[in-house]
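Subject: the structure we talked about

Hi,

Here is the structure I promised to pass on. Have a look at it first, then read my notes below.

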Amino acid sequence: MDFEKERDQMVNEQLIPMGIKEAAVLEAMRTVPREQFVAAGDEDLAYMDGPLGIGQGQTISQPYIVALMAELLELTPEKSVLEVGTGSGYAAAVLSLIAKDVYTVERHASLAKQAETRFQSLGYDNIHVKIGDGTLGWEQYAPYDAILLSAAARHVPQALKAQVSIGGVMVLPLGIGKTEQWLVKITKTEADTYATRHVCPVRFVPIIGKDGWRES
Ligand code: SAH
């Protein structure tokens with residue numbers, strides 16, 4: 001398979017027609033080898049317009065959703081971003097080409113380690129991985145210019161509200177049920193003031209943690 005060609009097609013036939021405009025995002029999506037982030041044996045499906053299973057009951061998000069979230073985060077080469085839910089590491093890899101530093105937290109050690117190995121072999125040295133409960137954020141490197149939740153929450157975890165800078169943006173799937181969610185963009189306009197925009201309905205796995213869902 002010619003993955004470079006597949007990648008170009010993904011951008012030209014999925015992302016651009018679906019409304020992704022930001023040049024840095026499109027460039028990152030043309031660059032990150034998604035076939036290296038899917039489960040072994042699924043490489044041929046990597047550029048399909050949909051999510052794929054990655055083990056542990058988790059998924060690598062649809063390319064369009066990754067691009068959309070990346071665009072909503074308003075990143076520039078000077079900014080830092082925290083991601084909760086590393087999963088395969090694909091979204092973090094895309095963000096790493098747009099932002100200065102990416103901090104990403106994953107609760108499943110096996111997924112976190114696998115993602116870290118991928119980052120090393122691809123030379124993405126501005127991605128920092130932590131195994132733990134991302135509903136508590138990652139205090140050490142806060143505040144972040146942007147925070148992305150790659151799993152769905154029923155409310156914005158308190159720690160994340162505190163760890164985003166003023167003027168910063170949070171993007172997350174928000175929902176009261178485990179399956180009905182909206183992708184929202186929340187801008188922290190002042191110390192305790194937030195502006196929320198509902199972007200589109202989405203479907204993500206739930207965020208499991210102290211300030212999220214309980215495991216069941
Ligand atoms: N961004 C990923 C997709 C992640 S799927 C990618 O591009 O592949 C959601 C991930 O969130 C899963 O790996 C899941 O284990 C993780 N997750 C769920 N709750 C979490 C929490 N509280 N802290 C950290 N990771 C969590």
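Predicted model: local features only at pLDDT ≥ 70, side-chain atom pairs only at ≥ 80, totals over all residues.

Residues are numbered from 1 along each chain as its sequence is written, and side-chain values use heavy atoms, with hydrogens and water left out.

Which residues are closest to the ligand? They are Ser88, Glu106, Asp133, Gly134 and Ile208, out of 27 that surround it (a residue counts as near if one of its heavy atoms lies within 4 Å). Strand E2 (58-60), strand E3, helix H4 (90-96) and strand E4 each supply at least two residues of that shell, and E2 gives the most, with 3. These labels come from DSSP runs numbered from the N terminus: helices (H or I) have at least four residues, strands (E) at least two.

The ligand sits in the largest pocket. Sitting there means that more than half of its atoms lie within 2 Å of the pocket's grid points. The pocket itself is an open set of points on a 1 Å grid over the protein atoms alone, where a 1.4 Å probe fits and protein lies on both sides within 12 Å along at least five of seven lines.

**Salt bridges**

There are 5 salt bridges in the structure, each a side-chain nitrogen of Lys or Arg within 4 Å of a carboxyl oxygen of Asp or Glu. Here are three of them.

In one, Lys185 pairs with Glu74, with the closest N and O atoms 2.5 Å apart. Lys185 is in strand E8 (181-190) and Glu74 in the loop between helix H3 (63-72) and strand E3 (80-84), so this pair ties together parts that are 111 residues apart in sequence. Lys185 is buried at 10% relative accessible area, whereas Glu74 is partly exposed at 40%. For these words, buried is under 20% relative accessible area, exposed is over 50%, and partly exposed is in between (1.4 Å probe, protein chains only).

Another joins Arg107 and Glu215, 3.0 Å from N to O. The two are 108 residues apart, with Arg107 in the loop between strand E4 (101-106) and helix H5 (109-122) and Glu215 in the segment after strand E9 (193-202). Arg107 is partly exposed at 33%, and Glu215 is exposed at 59%.

Asp101 is buried at 17%.

Some background first: most residues other than glycine have a negative phi, and most peptide bonds are trans. Where does the backbone of this model depart from that? Glu74 is not a glycine, but has a positive phi of about 55°; this is the residue in the loop between H3 and E3. Gln56, not a glycine either, has a positive phi of about 55°. Gln56 is in the loop between strand E1 (52-55) and E2, and is partly exposed at 45%. A cis peptide bond, with omega about 0°, joins Ala142 and Pro143. Pro143 belongs to the loop between strand E5 (127-131) and E6.

**Buried parts**

In H3, 9 of the 10 residues are buried, so the helix is largely enclosed by the rest of the structure. Among them are Tyr64, Ile65 and Leu68. Ala146, in strand E6 (144-149), is buried at 0%.

Cheers

Technical notes. 1 Å grid on protein atoms, 1.4 Å probe; cavity = no way out; pocket = protein on both sides within 12 Å on 5 of 7 lines; lining within 4 Å.
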